[in-house]
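Please read them beside the sequence and the coordinates.

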Amino acid sequence: MFERLQALEDRYEKLNQLLSDPEVINNPNKLREYSKESADLEETVTTYREYKSVVSAWREAKSMLEEEKDPEMKEMIRAEIADLEARKASLEERLKILLIPKDPNDEKNVVVEIRAAAGGDEAALFAGDLYKMYTRYAESQGWRVEVIEASPNEIGGFKEIIFMINGKGAYSKLKFENGAHRVQRVPETESGGRIHTSTATVAVLPEAEEIEVEINEKDIRVDTFASSGPGGQSVNTTMSAVRLTHIPTGIVVSCQDEKSQIKNKEKAMKVLRARIYDKYRKEAKAEYAATRKSAIGTGDRSERIRTYNFPQSRVTDHRIGLTLQKLDQVLNGKLDEIIDALIVNEQAKLIEQSEGR
């Protein structure tokens, strides 16, 4: 581990020299590339330097303890050594986390797709609850939400809703939401007061840049149609809604949220690009998982990841066995406690994997 850290520090020093080089300063692409690499290394190098300083002070204190004769001074030095050992251990754990390879998608915006699954109208209402939950969480993070496509039902829920969340690090926190979400409650439409179980699926896709996914215009079929609302009534008599079909993969995306056909096509292209990127990424991940069974999670949408139990005001994340008696708060967008626990769990598994190599 420490050989890797020293190599990173050496590289960081080299980058600082390069960023002062007139040739690099006058080359925007190199300047951007080196600046990003330097920024990515900064926290790791700063932590490593602090660690080396603590280790140096710890060794010096141990040497002083051996030479000191005064009992009171010995006690003071022992207390300092204990404090330095605690800081040393804490910094070692932090460095292990910082050395985990970063997911290249972590800083990206996301496309979120929520679909009602088992449970009819109740599942659609639950899909609407999940949409509100993610919207409020996004607002708490200072992120912006933009609806791409929505299929509302007659009682205020959604058969399907697709939206974009724009904000730095959105994928790093929301990627854990992939999967089937289950709700247990008495539906408003249920006269007998029986508890029903319904589900909705959530897919979180990192937004793909144009340079990451090449889409040939010849491979896309573009259809236009008039927008419609719940129940099929016409909302817009102009042909502003757009449907894109990517012929090689069969992926279809529709967008009718905007009044402008051009804007609808732009939004639909963002979703199409994200879905194609996600398809290729999952295929690569499946191939990797076949050769390494210890790979973390599959992100399969059929997995039941979380249950929202209304009678007991309880939320349980089944992947990590976390249960919170805070249903109202969670549905109001207070997801930090769950997401932070999932991040810690992922980091622990990645550290275990790297140490087992």
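**Notes on the predicted model**

1. Helix 3 has a kink of about 40°, centred on E42, where the bend at a residue is the angle between axes fitted to the seven residues ending there and the seven starting there. Helix 3 covers residues 28-67, and its 40 residues reach 57 Å from the first C-alpha to the last, close to the 58 Å expected at 1.5 Å a residue; the expected span is taken as 1.5 Å times one less than the number of residues. Helices (H or I, at least four residues) and strands (E, at least two) are DSSP runs, numbered from the N terminus.

2. This is a predicted model, in which local features need pLDDT of at least 70 and side-chain atom pairs count only at pLDDT 80 or more, while totals for chains, interfaces and linings use all residues. Residues are numbered from 1 along each chain as its sequence is written, and side-chain values use heavy atoms, with hydrogens and water left out.

3. On confidence, pLDDT (the predictor's confidence in each residue, from 0 to 100) has a mean of 82 over the chain, and 87% of the residues reach 70 or more. Confidence is lowest in helix 7, at a mean of 75, and highest in helix 8 (residues 327-331), at 94. The pLDDT is below 50 over residues 230-234, a stretch with five contacts in the model beyond near neighbours in sequence, and also below 50 over residues 291-302, which have 28 such contacts; contact means heavy atoms within 4.5 Å.

4. Helix 5 (residues 120-140) has 21 residues that should span 30 Å at 1.5 Å a residue, and its end C-alpha atoms are 31 Å apart, which agrees. Helix 5 is mostly covered, with 15 of its 21 residues buried, where buried means under 20% relative accessible area, exposed over 50%, and partly exposed in between (1.4 Å probe, protein chains only). G142, which follows helix 5, has a positive phi, near 80°.

5. Eight strands form an open sheet in the order 2-3-1-5-4-9-10-11, with mixed pairing; two strands pair if DSSP finds at least two bridges between them. Strand 2 (144-152) and strand 11 (322-324) are the edge strands, each pairing on one side only. Within this sheet, strand 4 (residues 179-185) and strand 5 (residues 196-206) pair in the antiparallel sense over seven bridges, and A180 has T201 in strand 5 as its bridge partner.

6. A further open sheet has three strands in the order 6-7-8, with antiparallel pairing. Strand 6 (220-225) and strand 8 (251-255) stand at its edges with a single partner strand each, so one side of each is left without a neighbour in the sheet. Strand 6 is joined by six bridges to strand 7 (residues 241-246), and the partner of D223 in strand 7 is R243.

7. Which two loop residues deserve a look? Q256 lies in the loop between strand 8 and helix 7 (261-291) and is buried, at a relative accessible area of 18%; Q256 and A241 are 15 residues apart in sequence, yet 4.3 Å apart in space, C-alpha to C-alpha. S313 lies in the loop between strand 9 (304-309) and strand 10 (314-317), counts as partly exposed at 27% relative accessibility, and has a phi near 50°, a positive value in a residue other than glycine. Most residues other than glycine have a negative phi.
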